[in-house]
Amino acid sequence: MSFGKSETATRMSLSRTVKSGTLINKNDGSEVYYTLDSGGRDAINTWNAGMQECSNFGKGTL
């Protein structure tokens, strides 16, 4: 089980995320590795910046 989900559900989710262009998969023998593509990294960086702004709200740092 991964993240409290079945192996099948996890594989399906990863496959859909690769097809959407957010993740890139790389096969190395019997192992598969996943990494974020540039759009995925941009989305996470944008989310992180927004979370940082939320955590600074009211602290006089905006």
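**A charged pair and a hairpin**

Mentor: Start with a pair of side chains. R11 forms a salt bridge with E7, and the closest N and O atoms are 2.7 Å apart. Keep in mind that this is a predicted model.

Trainee: How many salt bridges does a search of the whole structure find?

Mentor: The cut-off is a Lys or Arg side-chain nitrogen within 4 Å of an Asp or Glu carboxyl oxygen. R11 and E7 meet it at 2.7 Å. For the whole structure, the search returns one.

Trainee: Which helix holds both R11 and E7?

Mentor: R11 is found in the helix that covers residues 7–20. E7 is four residues away from R11, about one turn of the helix. Both residues lie in helix α1.

Trainee: Now the strands. How many bridges join β1 to β2?

Mentor: β1 spans residues 23–28 and β2 spans residues 31–36. The two strands run antiparallel. One of the bridges pairs N27 with V32 in β2. The number of bridges joining the strands is six.

Trainee: Which residue in the turn of the hairpin has a positive phi?

Mentor: β1 and β2 form the hairpin, with two residues between them. The positive phi in the turn is about 70°. The residue is G29.

How values were computed. Residues numbered from 1 in each chain as written. Predicted model: local features only at pLDDT ≥ 70, side-chain atom pairs only at ≥ 80, totals over all residues. Heavy atoms only, no water. Pairing = 2+ DSSP bridges.
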